[in-house]
Amino acid sequence: MSRVILLCADHPLPLYAAQTRWVYFHRGVRYEEEGFSVQPHVYYRPAVDNLELSMKPHRYELDLRATEQDAALLRDYLRQSCIPGEQVELWNLWVSDIRVRAFRLTGPLADLDADALVQMAEREQTCITLTI
């Protein structure tokens, strides 16, 4: 089973390259990875399409962690890329042969924080519809 996080909108959104890096330690070893980014949806695209979930047409992969820093970066990105009142979807998808009904949440962009990202990751197919 593989995980992909998508941002879906009704119109094209600009790409956003990682401008930060995540640094963490595991068993005394330092790891460093690219930070928050918005990229074209390529990873497991056919498998996501096979899930047959109702999604907005313009889809982007997010490199996103459940941290306050990433939540703030996503909020800033969406405020700059969307108009007030517009809705976008934030999907947490586990791609496999197992079919699970999507769990849906809604809320204003201002409420998006690390706790909301943790909650999104707790279920297999979760969509948070955010109102900008």
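Buried means under 20% relative accessible area, exposed over 50%, and partly exposed in between, with a 1.4 Å probe and protein chains only. This is a predicted model: local features need pLDDT of at least 70, side-chain atom pairs count only at pLDDT 80 or more, and totals for chains, interfaces and linings use all residues. Residues are numbered from 1 along each chain as its sequence is written, and side-chain values use heavy atoms, with hydrogens and water left out.

Start with serine 37. Is serine 37 buried or exposed? Buried, because its relative accessibility is 9%. Serine 37 sits in strand β4 (strands are DSSP runs of E, at least two residues; helices are runs of H or I, at least four; both are numbered from the N terminus). Leaving out residues up to four places away in sequence, serine 37 touches Tyr16, Ala17, Ala18, Glu61, Leu62 and Asp63. Contact means heavy atoms within 4.5 Å.

Last, the strand pair. Strands β7 (residues 103-108) and β8 (residues 125-131) run parallel, joined by 6 bridges. Pairing takes at least two DSSP bridges. Leucine 105 stands opposite isoleucine 128 in β8. From β7 the chain crosses through helix α3 (residues 114-121) to β8, a right-handed β-α-β crossover. Right-handed means clockwise from first strand over helix to second, with the strands pointing away from the viewer.
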